[in-house]
Amino acid sequence: MKVTFPHMGNMWIPVKALFDYLEIEFIVPPPNSKHTLSVGTQHSPEGACLPFKLNVGNLIDAAKLGADTFVMTGGVGPCRFGYYGELERQILHDLGIEMELIILEPPEGSLLGLAKRIKQAASHKPWIKILGAVRFAYRKAVAMDRIEDLVHWARPRAEQPLAIETIYRRAQTELNEANNSAAIEHVVKRTREQVLAVPRKQDFTPVKVGIVGEIYTLLDPFASLDIERHLGHLGVEVDRSIYLSGWINEHIFQGVNRAYKEVKQYKQLAHPFLAHSVGGHGQETVGGTVEFGRQEFAGVIHLLPLSCMPEIVAASILPNVGRQYNLPVMTLYIDEQSGQAGVLTRLEAFVDLINRRQSQPSCEREVRHEQIVFGG
Amino acid sequence: MNKLYLGVDVGSVSTNLVLMDDFGAVNQGLYLRTQGRPLEAIQKGLAQLKLGGGEISGVGTTGSARNLAAAVLGADVVKNEITAHAVAASAQVPGVQTILEIGGQDSKIIILRDGVVSDFAMNTVCAAGTGSFLDQQAGRLNIAIEDFGEIALTAQMPVRIAGRCSVFAESDMIHKQQLGHHMPDILAGLCEAMVRNYLNNVGKGKDIQGPVVFQGGVAANKGIRKAFEQALGLPIIVPDNFSVMGALGSAILAREAVSSGKTSKFRGVNVTSGNFAATSFECSGCANLCEIVQIGLEEKVLARWGDRCGKWGVEQSTSAASGASA
């Protein structure tokens, strides 16, 4: 069995750790690129969202490298994601690529069913081994989140932000190579030391912007057109509503674990604006915006792939949240037609806007919300 | 010697240059067609500048080719067009609260309160509400674009045109022509459809309050101006330099950038004689396959951008990038 898993930002690092630990061969698809997108778009329904198209591109690439099984997470509710694994399997089948599919989800809420599927994905290795692998992989996910947070902190403050990118890339490589818990800790520690050693701008306090929205566009820099990096280089400290370990914990482990940043509280925070689930992470987006508003962030950017239903619901609610917390919110729709230049112009203008707002408290009562559609 | 500031706005359709003096007065404004060749447009514009004994002591660039222009000229400040337009409008019409801007291929709305941008929206998906479409329709009807507005103003009873999409708008206009409607009524109907489309898309949910400034190339069209006044129930101000406001904003920002006595990075007007070339290639250093654009002057590389990791950075390009983040 050669297993693969579609990309979502740094997720491949913990997933690879999981299968390495179980001594199951794991194929990391080539990173998301224009190539992935054009292959994926070619073989996907036009109305499918960007993450789906990238998934398909990843799977076709991985099959070429010899993968014969792919693992997906599932989901329930109005988001189409729950059906992606099966749809992707059928698309591959029509292309003449036969792949086994294992969906990691508790079928009808049954943890036992989930256990069975984990056991299947783990080639029926003993449970003790599987638990060890899960614990180890999860530790890597938490470590990755801590490193990302460090990078978010350091980018706007560094005199030479590119130095941070170099450290970040090295940390990704090292974390991937770390083969025990001590090594993971060591990577985080070393990365922190390296980041702190980079010369920082004098007397500079970056403005803070929260990024909320659909999980894939939040976590995958290719999908988000690298919005976190651009904001960092524009002198903005970013924070996200969802981190990888928080998502894994909520989505796969039903919240039984402890994540680096939990997502549980968002449902409660969203309640005055959106009292029930709308699928996907619509509630988390609203709750996350409330949280950033409470923490007095300077602004919030809402990311979603074009045609993402749960986030469209959230987008229509965010103006109310923005008004209540006096928080500028910018919504960016992203799909395969999105252009970097257009996104950059809007990011720059948004950063100008919040910087000027910060320096002129008189206009603080003005609240804004805008929606921008990129591409077709 | 007089101090002059040069603002350059290189957009998809037009390349605009403004020479501004130390007091903020516009000495010269140029509106040129980009025609898909921004480098040539910039050089052509520079050749037409009349310095009249003045000296350029600051340069700012904006527009979709702002980084390219900055690399070629040696700009002191690089700013996005939303900020540039807002700066110019505030200088020309103090107290402005709403800016309607319609250019060749994009349109935007900017809301200001107390002189600060508080909200904006920009639409580049659909060209139905922009200058290119008007251009195209004027061409089809055999009317000079300059006369479009005047003719529309003579309308007795504007017809309703479906303005949601330029393709449908065109077929609807042809239909109305076949029915025998008068040309002025059809043109006025088109103006109203465009304004409706703009307000429903770009302007949706925006708190539009006077004074309202209308700028961009399309502001020359009196028919559109009138349609805006009717739709908003507010007087519309079209500033003198309405077609070059982005460039004017850049010139103002350039004056700010060098105000602390800094020397301009401007390469000089003789930059026009140089042989600039823009080339692009795909970096194969990693799987990101970044598209790198490289701007060269003769044998020398002035700037490169497009890479995520920074390995293609050149000395000059970092100055442009830091300008963007300033």
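Which residue of β6(A) is the bridge partner of A:Val209? The partner is A:Val238. This is a predicted model, in which local features need pLDDT of at least 70, side-chain atom pairs count only at pLDDT 80 or more, and totals for chains, interfaces and linings use all residues. Residues are numbered from 1 along each chain as its sequence is written, chains are lettered from A and ligands numbered from 1 in the order in which they are written, and side-chain values use heavy atoms, with hydrogens and water left out.

**Strands of chain A**

- Strand β5 (residues 207-213) of chain A runs parallel to β6(A), and five bridges join them; strands are DSSP E runs of at least two residues, numbered from the N terminus, and two of them pair if DSSP finds at least two bridges between them.
- Five of the five residues of β6 (residues 236-240) of chain A are buried, so this strand is largely enclosed by the rest of the structure; buried means under 20% relative accessible area (1.4 Å probe, protein chains only).
- A:Val236, A:Val238 and A:Arg240 point one way from β6(A), whereas A:Glu237 and A:Asp239 point the other way.

**Sheet of chain B**

- Five strands of chain B form an open sheet of mixed pairing, in the order β3-β2-β1-β4-β5.
- Because β3 (26-33) and β5 (77-78) of chain B stand at the edges with a single partner strand each, one side of each is left without a neighbour in the sheet.
- Strand β2 (residues 14-21) of chain B is antiparallel to β3(B), with seven bridges joining them, and B:Ser14 has B:Arg33 as its bridge partner in β3(B).

Technical notes:
Buried means under 20% relative accessible area, exposed over 50%, partly exposed in between (1.4 Å probe, protein chains only). Helices (H or I, at least four residues) and strands (E, at least two) are DSSP runs, numbered from the N terminus.
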